[in-house]
Amino acid sequence: MMSDIPQREAYGHALAAYGEVNPKVVVLDADTSSSTLTHFFGSKFPDRFYNVGIAEPCMVDFGVGLSLGGFVPFVNAFAAFLSLRAVEQVRTCVAYAETNVKLVGHYAGVSDYKDGPTHNCVVDLAVMRSLPNMTVIVPADNHQIVQWIPVIAEYEGPVYFRMSRDKSLLVHPVDVKPVIGKAVTLREGSDVALIANGAMLGRTLLAADRLAQMGIQSRVVEVHTLKPLDVDAICEAAALTGAIVTAEEHTIIGGLGSAVAEAIAEHYPVPLQRVGIMDRFPVTAKDAELLMDYMGLSVDDIVKAATEVIQRK
Amino acid sequence: MSYLCESRILELEEIARQLRIESIKMIYKRGSGHPGGALSAAEIIAVLFFDTLNLDPKNPKWEDRDRFFLSKGHASAVLYAAMSKRGFFPEEDLTHWGELDCHLQGHPDRVKTPGIEMSAGPLGHGLAVGAGNAMAARKTGKKYRTYVLLGDGEIQAGIVWEGANVAAKYHLNNLTAILDYNDVQLDGAVHDIMPLDPLADKWRAFNWHVIEINGHNIRQIREALDTAGEIHNQPTIIIAHTTKGKGISYMENDARWHGAVPKPDQYEQALVELKRGGNYDE
């Protein structure tokens, strides 16, 4: 059942399935294929799978070379290492050189709760969003992960695709095809707009239920594509509600909250409150859900932010 | 492997001489650039672009072309000079190098300049990118070869050795690296800043086939490239011993000319010396 498996497992199976459809897809990993679950693809298509060892920068460049030769490489590593250790390769050889490379950052956010702050990654979106030519996508649930894989493979150009190690709540039906750069309104409401992506989208919908019980009607918008940003949908939400809360499994600096703040500050200023990680490193924990709560990403945190931001209207 | 007759060697030597002159003219006109490492690579570039590489300048994306990656991107002047001479873009463009609306960037840019296979600048990318490209060629059943020109200071970067590992793991014998070993980098002598020796042994230990040559000797360059094409099961590196700033007396072996521009009197002297030509077989 899609609701029972972690994002990485949905990704691993979907990528292996898509490998049959698209012979141009090749998959690279850096000694993490049993974590990212790209080994599903690797065991099915051993001659289209490259494990380069613990060498993320080399993996990116090797993938670039494969893309120059006509393949569509999915380059997989922990987000912390792909977006930081290999960022110069990503900047120069993927973003600047406009190569058709799909970067998949795994164990993102705080989902690698047991390995601790070095393996968590709450800065990847800030890094990737700052690079010209980069498309940045944060899928919300397993159904969408399955749908996104062909979309990003068939899009010509650099993509960063963010994967959680953990489960996330199912929020989408099985067959909805996402469109790059097109936000999705999941719930109508005029008191406040809740804008979220990734694992925080499910939590945001739970917060909207709670707010409804309090008599507050929320408009819930999924901004799965951080770049290119759907400024129109964000401004529409601002216009219809007059107050916005953003929710992301990422530092509040440079991610979804920042992107929304930039958009509304320039085009449609309304009060904004950001739910995210408050400029600090995560900690080691025994459970990802608990760690999210601990880091200020709980349903309560979203509800509280919504009630506060409404006061500022 | 085909025989390189004496007249052909003289032709390629003449091309190398012209590439040096053009590189210095470009750097002087632009007021910036990297003369030392452009001059040291002139014979290597001449043999590649005017003898070895199978290219179609009128169809720079021809899928069966050989691929050349200039990993030491700061030697862009000599690459641009060779590519324009080969017909990828008008020689007139060279005089606009660095101007805001000119496609020729400080370092090569695959998006802006036709025929540039890969953007470069930050050192170390070429080998891993080249390895990926060589793998793509093998997977698609293409016979083209992939060539990567590395600088010696460049191979101080760890990413180069990550790339070396990958190329050896997959036995990419359709990949040839050429090392422009002039022993001078930005801050001084390579052997002082971060010694590379025992260099050939290092590459052998990484399971590469190693050929050492005089990188200013046309016949040796050509024969090494031919030999690389006949090696089974291993990528090849050609360690080409060269002289930084080759052909201009006051630039030779002097780190100050890594990225400096001659003054007017120095420029005149440079042109006189280059037009006179040197003995490239030293």
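**Domain and chain contacts in a predicted two-chain model**

In chain A, 22 residues of domain 1 are in contact with 29 residues of domain 2. On the side of domain 1 of chain A that touches domain 2 of chain A, the elements giving two or more residues are α7 (124-129) and β5 (135-137) of chain A. By class, this side of domain 1 comprises 13 nonpolar, 5 polar and 4 charged residues. The domain assignment of chain A places domain 1 at residues 7-162 and domain 2 at residues 184-311. The C-alpha centres of domain 1 and domain 2 of chain A are 26 Å apart.

The structure is a predicted model, with an ipTM of 0.96 and a pTM of 0.97. For chain B, the average pLDDT is 96, and 98% of the residues score at least 70.

The contact between the chains takes 21 residues from chain A and 22 residues from chain B. On the side of chain A that touches chain B, α4 (56-68) and α6 (87-96) of chain A each supply at least two residues. Helix α4(A) gives the most to this side, with 9 residues. The residues on the side of chain A that touches chain B divide into 12 nonpolar, 6 polar and 3 charged.

The largest nonpolar core contains 194 residues, of which A:Leu194, A:Ile195, A:Ile244, B:Ile45 and B:Val78 touch the most other members. Domain 1 (7-162) and domain 2 (184-311) of chain A both give residues to this core, which therefore lies between them. The surroundings of A:Ile244 illustrate these contacts within chain A. When neighbours within four places in sequence are left aside, A:Ile244 is in contact with A:Ala193, A:Ile195, A:Ala237, A:Ala238, A:Val260, A:Ile264, A:Val270, A:Leu272 and A:Val309. One of these partners, A:Ile195, is also listed among the core residues that touch the most other members.

In chain B, B:Arg219 was examined individually. B:Arg219 is located in helix α9 (residues 218-228) of chain B. Because 16 other C-beta atoms lie within 10 Å, B:Arg219 is partly exposed; a residue counts as buried if 20 or more such atoms lie within that distance, and as exposed if there are 12 or fewer. With residues up to four places away in sequence not counted, B:Arg219 touches B:Leu4 and B:Ile9. B:Arg219 and B:Leu12 are separated by 207 residues in sequence, while their C-alpha atoms are 9.6 Å apart in space.

Technical notes: Residues numbered from 1 in each chain as written. Chains lettered and ligands numbered in written order. Predicted model: local features only at pLDDT ≥ 70, side-chain atom pairs only at ≥ 80, totals over all residues. Domains from an automatic or database assignment. Contact = placed C-beta atoms within 7 Å. Helix = DSSP H or I, 4+ residues; strand = E, 2+ residues; numbered from the N terminus. Nonpolar A, V, L, I, M, F, W, Y, C, P; charged D, E, K, R; others polar. pLDDT = per-residue confidence, 0-100. Core = buried A, V, L, I, M, F, W, Y, C linked by C-beta atoms within 7 Å.
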